[in-house]
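Q: Could we go through this structure together? I would like to begin with the charged side chains.

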Amino acid sequence: MPPALNATPRRRLSPEASRDAALEAARVLLVEQGPQAVTLKAVAGRIGRTHANLLHHFGSADGLQSALIQRMTALVVAPIRDAARRSRERKDPAELVDVVFDAFGANGAGALATWMILNGNQDALDPILTAVHDLVEDLSHEEHRPDAPIKDETLQLVLAALGDALLGGPMARALGLPRDRARVIARAMLLRDRGVVEA
């Protein structure tokens with residue numbers, strides 16, 4: 001039977017490109033529809049591949065999850081490192097707050113963390129936690145200040161961003177606050193920790 005006239009031929013992708021497309025599709029499904037949507041079948045359908053093709057690349061659903069965590073770690077940590085350094089130079093943490101909140105919200109790190117925790121798979125978060133630990137250690141050494149509150153700041157900022165990603169919108173609406181109120185509070189907290197008083 002000949003193919004339908006309106007059928008779109010599948011693009012031939014290299015193995016690396018196919019794997020990257022699958023991981024991006026998994027991240028988007030996670031952000032848009034939640035963890036239950038991230039299945040091998042759904043990811044394969046999103047990129048026009050077969051379930052067998054994804055099994056070839058990842059071995060299993062757990063393999064896809066592990067690869068997604070590794071990818072998201074790289075996507076999250078590098079921009080945070082750059083924003084943290086710029087924030088120290090500029091003496092204003094606004095960009096850092098936005099990057100961390102976006103990492104947990106729009107980019108899916110909050111959904112990923114929640115997914116792993118609720119599945120009892122907290123060990124899967126080790127790559128992200130290790131990367132954040134290493135980043136904090138690097139920044140602490142760059143500060144040359146043993147009293148720099150960078151660990152406290154990191155804990156507060158990450159927990160605020162995670163909470164905002166999970167419940168920020170509904171809580172802001174319930175309290176009659178602007179949607180970005182948690183970001184404003186986080187920035188003020190960081191400025192206060194650094195001894196900066198805004199007029």
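A: A definition comes first: a salt bridge is a side-chain nitrogen of Lys or Arg within 4 Å of a carboxyl oxygen of Asp or Glu. The model is predicted, so local features need pLDDT of at least 70, side-chain atom pairs count only at pLDDT 80 or more, and totals for chains, interfaces and linings use all residues. Residues are numbered from 1 along each chain as its sequence is written, and side-chain values use heavy atoms, with hydrogens and water left out.

Q: How many salt bridges does that rule give?
A: The count is 13.

Q: Which residue forms a salt bridge with Glu 24 at 3.8 Å?
A: That residue is Arg 71, with 3.8 Å between the closest N and O atoms. Arg 71 belongs to helix α4 (residues 61–90) and Glu 24 to helix α1, so the pair ties together parts 47 residues apart in sequence. Helices here are DSSP runs of H or I with at least four residues, and strands are runs of E with at least two, numbered from the N terminus.

Q: What about Glu 24 and Arg 27?
A: Their side chains also meet in a salt bridge, at 2.8 Å from N to O. Both residues lie in helix α1 (residues 15–33), three residues apart, which is about one turn of the helix.

Q: Is Arg 27 buried or exposed?
A: Arg 27 is buried, because its relative accessible area is 14%. Buried means under 20% relative accessible area, exposed over 50%, and partly exposed in between (1.4 Å probe, protein chains only). Glu 24, at 28%, counts as partly exposed.

Q: Which salt bridge does Asp 102 form?
A: Asp 102 pairs with Arg 183, and their closest N and O atoms are 2.7 Å apart. This pair links distant parts of the chain, with Asp 102 in helix α5 (residues 94–104) and Arg 183 in helix α9 (residues 181–193), 81 residues apart.

Q: Which residues do shared partners join into one network?
A: Asp 20, Glu 24, Arg 27 and Arg 71 are joined by salt bridges that share partners.

Q: New topic: how many helices and strands are there?
A: The chain has nine helices and zero strands. Of its 199 residues, 35% count as buried.

Q: What does Asp 164 touch?
A: Leaving aside residues up to four places away in sequence, Asp 164 touches Phe 101, Gly 169, Arg 179 and Ala 182. Contact means heavy atoms within 4.5 Å. Asp 164 is in helix α8 and counts as buried at 10% relative accessibility.
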